[in-house]
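User: I am new to this structure. Please walk me through how to read its features, one at a time.

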Amino acid sequence: MKDRLAASYWLHESHFAAVSNALVTDRRRKAIERFEAEGFPTVRHEDWKYTNLKKVLKEDYALYSPFDAQDDAEPLEFKDIKRFLVNDIDCYRVVFINGRYSSWLSETTHSGFDVCTLGSAWKKYAHHIEPHFGQLTEDLGALVQLNTALAWDGLYVRVPNGVTLDKPIQALYFTTGDQPIFNQTRSLIILGENAQAEIIERHQSLTTAQSWTNAVDEVFMGAGARMHWVKLQHDEASAALTQHSVVHQKQDSHATVHTISTDGKFLRNNLDFKLAESGAEARMFGLSLADGKQLMDHHTRVDHLAPHCTSHENYKGLFDGESNGVFNGQIHVHVDAQKTLAFQQNDNLVLNEKAAIDTKPQLEIFADDVKCSHGCTVGQLNEDALFYLRARGIKEKEARALLMVAFAHDAVADIQHPSLQAKLNRLIGKKLGVKNFGFAL
Amino acid sequence: MIEIVNLHASVDGQAILKGINLTMGAGEVHAMMGPNGSGKSTLSNVIAGREDYEITKGDILFNGESILELAPEERAHLGLFLSFQYPVEIPGVSVSNFIKTALNEMRKARGEEPLDASSMLKKMREKMDLLEMDKGFLSRSLNEGFSGGEKKRNEIFQMAMLEPKLAILDETDSGLDIDALRIVANGVNALRSSENAFMVITHYQRLLDYIVPDYVHVLLNGKIVKSGDKSLALELEERGYDWIKKEQA
Ligand SMILES: Nc1ncnc2c1ncn2[C@@H]1O[C@H](COP(=O)(O)OP(=O)(O)O)[C@@H](O)[C@H]1O
Ligand SMILES: [Mg+2]
């Protein structure tokens, strides 16, 4: 597959080059060369020790190039995707099907700010893309390089200085068809000074055919900018997702990312923050509800590059069945980053003896005047608490679910929209096997 | 109401209850006294259905039917309530959510419609007033960071909401100051009727000044070794347990 992917790049390089200047093309070429040299990561890589990509690589995926004629054998209609939306919130909507933008299902804008697909922006907004694209991803691993080389469609957002988006953005990535498929999606989000945006993202397979999406996101936040990003990962048992998101933050900017992983075959999340100027604050929350043979992996990395920055991280995991979890939280406090505040917590419940979680905090601190704390726990459901609830008439299954929801609570507490909360409640209730979820998060 | 017949229970092969016989009728209040480690909490946990204990002999009948095979929640649905000696802290579950869930589960089990939000709130208010509780209490996480007294008051609040047939109060008075004790006792007395019964586990006569028992039992080393009326409690207060231990020896 490595060779097919590389061949696909070389075959289409001229198409990619046609929409960008030489700098961007050069970044693509360097990226594909690195991918060719390194190949897909294996468990011998420190970062992939507990996350074996082999399971995902073994499928015989169809590869589509954005320059192939579009195959609309099975066009989707709004009614097909409606149930995957957070409906009660009025949103901009950017929809992708098998990695390609669907204008038909989307509702984009260019008035005052841009919310659209990267595919339509390469040429039109080349002057914005050129200084940003690939600038945060150079040093990252082979999957990211592959994505950089083949990047075409994905969310493109640019918000000028001082502008707050009037409504959130829903970015939806669907896969369909009866062939196994491998997609690359690439997002670029550029927020000016004091700009504000909110993104709700969902990857969703509409088929039982195997699928793998390899997503890369770059986010640039100007001074004072604010962003809230909610990633909903509630996909089919046939769907794999590898996603690497990098957020670069200038002075006093605030970023919050929620990653809510409730279903899917194989989830590998990388989330990196570069706190480049003083006063920047990054908050990240995660929830993994895994069972069966699911794998849910969260790798996070915060680089405290400047003084007076804050990072706050709280990830929760519940592992049932034969599922596996991985948490790796890196915090690098660089030499100049005095007065850093860094908090990291990862708590896990292992509900079955065949389930497992590998959790590892990794702190490297080169400044001396900092406050850093980290902790991780792995435990079981509290039997005393379970008995307490049952003795009050709450059935065992509900009592377990209630305790799990309570455990998960602070991973989702900061999500403000009642309708998004309600949606999460439903997803979580469904996952825990509780109908009519009688209690709120 | 409840009939405990020659009840033996053990943990890890070690016998803790060694032949309890006790019958409680509707409208009655029984005080259960006895030194630490004699098996009072074990008895209440076994009645409530805790699975850690193995019942090696005997039976528990509730309204004539054995409940030994019933899950804790099924016993609760029949109207059993245990006020825990050590209520568990459950972060992330608010008191109001918990009570709502519990009460509606009870109603569901009895084939009743769930209580609508305003009736629920009204009922909560009423019971909280009775127990002189602060309104902010409802939104707090269940027992998390509660003082000893608040935890116990919360247990009685739950009892008042669930209106059980048989309530077992396991040292609900321990750690309460005299005002809190009076409030808790008022809560119990407000619920007392000819329809329900209470088992009050306590070390102290002072609670029994407020909740006057019909019977007083002494549990020692897994057995009820003495029963009497309320004067027995007074005698225990004065003389301790040594004389009973000697009588047994
Ligand atoms: N789950 C348990 N595991 C082991 N020993 C127990 C357990 N529960 C109670 N015991 C033991 O049984 C005895 C009676 O305990 P308990 O019922 O708590 O007494 P009381 O409430 O009268 O103070 C004690 O010796 C206690 O250590
Ligand atoms: Mg006790």
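Analyst: Start with the salt bridge: a side-chain nitrogen of Lys or Arg within 4 Å of a carboxyl oxygen of Asp or Glu. In this predicted model, local features need pLDDT of at least 70, side-chain atom pairs count only at pLDDT 80 or more, and totals for chains, interfaces and linings use all residues. Residues are numbered from 1 along each chain as its sequence is written, chains are lettered from A and ligands numbered from 1 in the order in which they are written, and side-chain values use heavy atoms, with hydrogens and water left out.

User: How many salt bridges does a search of the whole structure find?

Analyst: The general idea comes first. Side chains of opposite charge can pair when their charged atoms come close. Over all chains, the search finds 38 salt bridges. One of them joins Glu89(B) and Lys151(B), at 3.2 Å from N to O. Glu89(B) sits in the loop between β6 and β7 of chain B, and Lys151(B) in helix α5 of chain B, 62 residues apart. Helices (H or I, at least four residues) and strands (E, at least two) are DSSP runs, numbered from the N terminus.

User: Which residue forms a salt bridge with Asp90(A)?

Analyst: Lys167(A) does, with the closest N and O atoms 3.5 Å apart. Both residues lie in loops, so the pair ties together parts of chain A that are 77 residues apart in sequence. Asp90(A) is exposed at 51%, whereas Lys167(A) is buried at 15%.

User: What does the contact between the two chains take from each?

Analyst: Contact means heavy atoms within 4.5 Å. Chain B gives 33 residues and chain A gives 22. Buried area is the accessible area (1.4 Å probe) that two parts lose on being put together, summed over both. Here that is about 2100 Å², 62% of it on carbon and sulfur atoms. In chain B, Arg50(B), Glu73(B) and Val88(B) lose the most area to chain A, together 24% of what that side buries.

User: How many salt bridges are there between chain B and chain A?

Analyst: There are five. One of them pairs Glu105(B) with Lys395(A), at 3.4 Å from N to O. On the side of chain B that touches chain A, α3(B) gives the largest share, seven residues.

User: Where does His132(A) lie?

Analyst: His132(A) is in the loop between α6 (126-129) and α7 (142-150) of chain A. At 17% relative accessibility, His132(A) counts as buried. Leaving aside neighbours within four places in sequence, His132(A) is in contact with Leu188(A), Ile190(A), Glu218(A) and Phe220(A).

User: Which strand pairs with β15 (residues 295-304) of chain A?

Analyst: Two strands pair if DSSP finds at least two bridges between them. The partner is β17(A), in the parallel sense, over 10 bridges. Asp297(A) stands opposite Val326(A) in β17(A). β17(A) also pairs in the parallel sense with β19 (residues 356-365) of chain A, over 10 bridges. There, Gly329(A) has Pro361(A) as its bridge partner. Strand β17(A) covers residues 324-333, and nine of its 10 residues are buried.

Terms used: Buried means under 20% relative accessible area, exposed over 50%, partly exposed in between (1.4 Å probe, protein chains only).
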